[in-house]
Amino acid sequence: MSDTIAAVATAHGVGSISIVRLSGEQALKFALKLIKKKCLIPRQATFAKLFNQKNEIIDEAIVIYFKAPFSFTGEDIVEFQTHGGFSVSEILLEELVYLGARLALAGEFSKRACLNGKMTPLKALSIQDLILSKSALAAKIIARNMQGSLGKLLEKIRKDLVKTLAFVETSIDYAEDDLPIDLLNQIHTMCEENSKILKEIYTLSQSKKGLIEGFKIAIVGKPNVGKSSLLNALLSYERAIVSDIAGTTRDTIEESFKLGTHLLRIVDTAGIRESKDIIEQRGVELSKKSLEDADLILAVFDASRKEDEEDEKIFDLLEKSDKKIFWILNKNDLENVFENTQKKDFINLSACGDIALLKKQLQAYLDSFDSEGIMVSSLDLLNACKIASEAILRSKELLRENSLELFAFELNLAIKELARFTKDFQRNEILDEMFSNFCLGK
C-alpha cells in the first residue's frame, strides 16, 4: 500500500460541490504541488487555487489535510472540495495521476482503513448498508450496528467457540482431571444458543432486506380488474395504459414510490388467465415470476363482477404463497356483486377514487417491522452466519457421538467464518484458553 490513490468521493453528477480524496504516502506532496504552497496545517480548511501542469488555474477549492494516523484510512489524506460538476473533478484526477497517484479501485479507501486498523470489515459493510438503505428504519438499525452491537455479538460468539475448542482439544491431548465436570452440558447449551443467534441474524436480515433494498410489491389479478388503475393511483400519475379491453397489460411494469419513510418498488403484472395468445402467455409467466420475487402482494378482484373460475385460480395460486397479501376488492363505486366465498378480509376501494385506506394499511404494516435486533444486507456476511450456524449444530451432534476430532473440525470452520468479520483467528488463542484453566503451578 505504498502507492497513493485518488478518487471522487461524492456521487456522480452535477452538484454544488465535488470532493476528490487523495490517500497515501505522497498525498501531501502532490497536494502542495497542486496548490503551490509550502505546507498545510492538519485538520484546517485552507482556501486555495488549484493549478495544472501548465500552471493554469483549474479551480478554487477548500483543501483539508488529515495527517496519518488520524484519518479515515490511517494514511495521509488530502481532500479537495471543488465546485460540483463533471469537468473539474475529472481534470483534478488527471492532474493527480500525472503527479504519480493512481485511480483507486472500488472500496479501496475502506479496505485500507480496515488493513490499518481504523475500522473492522464489519463496520465497513455497515457503512455500505447505511449508504444503500432505503428507509429511515433501516438507517436506524444500521447506525446502531455501526456503534458495535453486531460486532460485539459476533465477537462474543467467536470467543465462546474458541474457548469450547480449547476445552475439547485439551480433552483430546491432556488429562480430563482439570476440566469442569459439567463441561459437556455447557458445550451443548453454548452450541444451541449460538447457533440459534446466528440463524436468527440470517432469517431476520432476509425478512427485513426490503428496508435496505426497498420492498417489492406485485399487483396481481385476472385481466381488467383495475390493476393498472391501482398502479397509477399509488404513483399519483398515469404510468400504465388503462382500458376496458382485457389483456391490455402484457408485460410487467415496474416503478418506485415513497410511502412514509419507505421506498417501494411496485410491479403491475399482466392479468393471470388461460390464453392461446403466445405474447399474453409470456406475460402471465412473468406475472407468476413476480409473485415469487415480491415481498408483498396486492391481490385485486373486481367488485362489479361475480366470482368466476379465473378468480378461483387466482385464489388457488396465492394460497401457496407465504408472502404478505393485501386482498383488494376494487370498483366499489359500482354495484357490488362479488361473492366472498373465500372469506377474505378485503379492502374495499375504487382505484379511480380514494385509496387512502390501502395506503394507511400498507404503511402500518411496513412501520410494524421491529427496529430492534440485527440486520445486515451483505450476502457474504449472511452466508457466513448461515455456514457457522449449521457447522455449530453439526458439531453438537458429533459431540454426542464422542467424535471429538470431527467436532473440533466443525468448530474450526465456524470460527474461521466469523473471524473474517471480527478478529483474525490465531492458534495461540487456543493455547491461552487451554492453559488458563490449569491449576497455578502446573
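Two strands pair if DSSP finds at least two bridges between them, and the strands themselves are DSSP runs (E, at least two residues), numbered from the N terminus. The model is predicted, so that local features need pLDDT of at least 70 and side-chain atom pairs count only at pLDDT 80 or more, while totals for chains, interfaces and linings use all residues. Residues are numbered from 1 along each chain as its sequence is written, and side-chain values use heavy atoms, with hydrogens and water left out.

Strand 7, residues 215-220, pairs in the parallel sense with strand 10 (residues 296-302) over four bridges, and within this pairing alanine 218 has isoleucine 297 as its bridge partner. Strand 7 is also joined to strand 9 (residues 262-268), again in parallel, by five bridges, with isoleucine 217 standing opposite isoleucine 266.

Six of the six residues of strand 7 are buried, that is, under 20% relative accessible area, where exposed means over 50% and partly exposed lies in between (1.4 Å probe, protein chains only). Phe215, Ile217 and Ile219 point one way from the strand, whereas Lys216, Ala218 and Val220 point the other way.

Aspartate 3 lies in the segment before strand 1 (5-8), and counts as partly exposed because its relative accessibility is 28%. Beyond its neighbours within four places in sequence, aspartate 3 is in contact (heavy atoms within 4.5 Å) with Ser23, Gly24, Arg102 and Arg112. Its side chain makes polar contacts with the side chains of arginine 102 (2.4 Å) and arginine 112 (2.8 Å), a polar contact being a pair of N or O atoms within 3.5 Å, of which, within protein, one must be able to donate a hydrogen and the other to accept it, and residues adjacent in sequence count only if both atoms are side-chain atoms.
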